[in-house]
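Colleague: I'm new to this one. Could you walk me through it with a few questions and answers?

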Amino acid sequence: MTGEELCAYEDKPVELFYEDAASDTTYVILVLDETTHVVGERADGSPGEGDADHIGIGRDIPAFDFVDDSASFWRDYDGQRVCVAGNPWFQTDVSLPYAPRMYDAQLLYVE
């Protein structure tokens, strides 16, 4: 998804986000089969948890060249049903997505 698409999907106003990051960024979103309780950490290391129906598993932010492109790996699996494993964490700022993130997600298998 683009930043604008993700804002619409999460029903968040795009004006909250840095303009280039919202317009130029590609987000890879894992849509879960059902809402799931996710336990992980916040960016500051404190415990985090919540219910989620999607998880961010990749992103490409061209405006921030110091952020690795973790989206390119997942492009071949767009629209497919996958099983992944990773360490979820929750943002502590207004960056996208508002859902938990697992940018270290490993592909286990494709159905």
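Modeller: Helices (H or I, at least four residues) and strands (E, at least two) are DSSP runs, numbered from the N terminus. This is a predicted model, where local features need pLDDT of at least 70, side-chain atom pairs count only at pLDDT 80 or more, and totals for chains, interfaces and linings use all residues. Residues are numbered from 1 along each chain as its sequence is written, and side-chain values use heavy atoms, with hydrogens and water left out.

Colleague: Which residue is the bridge partner of Arg42 in β4?

Modeller: Strand β4 covers residues 89-90 and runs parallel to β1, with two bridges joining them. Glu41 stands opposite Trp89 in β4. For Arg42, the partner in β4 is Phe90.

Colleague: And what is the bridge partner of Ile29 in β2?

Modeller: Here β1 (residues 26-42) and β2 (residues 47-60) run antiparallel, and twelve bridges join them. Across from Ile29, the partner in β2 is Gly56.

Colleague: Which residue takes a positive phi in the hairpin of β1 and β2?

Modeller: That hairpin has four residues between its strands. With a phi near 95°, the residue you want is Gly45.

Colleague: How do the elements of the chain run from the N terminus on, and what is the radius of gyration?

Modeller: There are two helices and five strands, and they run α-α-β-β-β-β-β. The globule rule (2.2 Å times the number of residues to the power 0.38, with the radius taken over C-alpha atoms) gives 13 Å for 111 residues, so the chain is as compact as a globular protein of that length. The radius of gyration itself is 13 Å.

Colleague: What share of the residues is buried?

Modeller: Buried means under 20% relative accessible area, exposed over 50%, and partly exposed in between (1.4 Å probe, protein chains only). Among the 111 residues of the chain, the buried share is 38%.

Colleague: Is Asp11 buried or exposed?

Modeller: You'll find Asp11 in the loop between α1 and α2 (19-24). Asp11 has a positive phi of about 55° although it is not a glycine. Its relative accessible area is 67%, so Asp11 counts as exposed.

Colleague: Where does Met1 lie, and how much of its relative accessible area is left?

Modeller: Met1 lies in the segment before α1 (3-9). Met1 is partly exposed, and its relative accessible area is 31%.

Colleague: Which peptide bond is cis?

Modeller: Look at Pro97, in the loop between β4 and β5 (106-110). With omega near -15°, the cis bond is the one from Leu96 to Pro97.

Colleague: What box do the C-alpha atoms of the chain fill?

Modeller: The box is taken along the principal axes. Roughly, it comes to 35 × 35 × 25 Å.

Definitions and conventions: Pairing = 2+ DSSP bridges.
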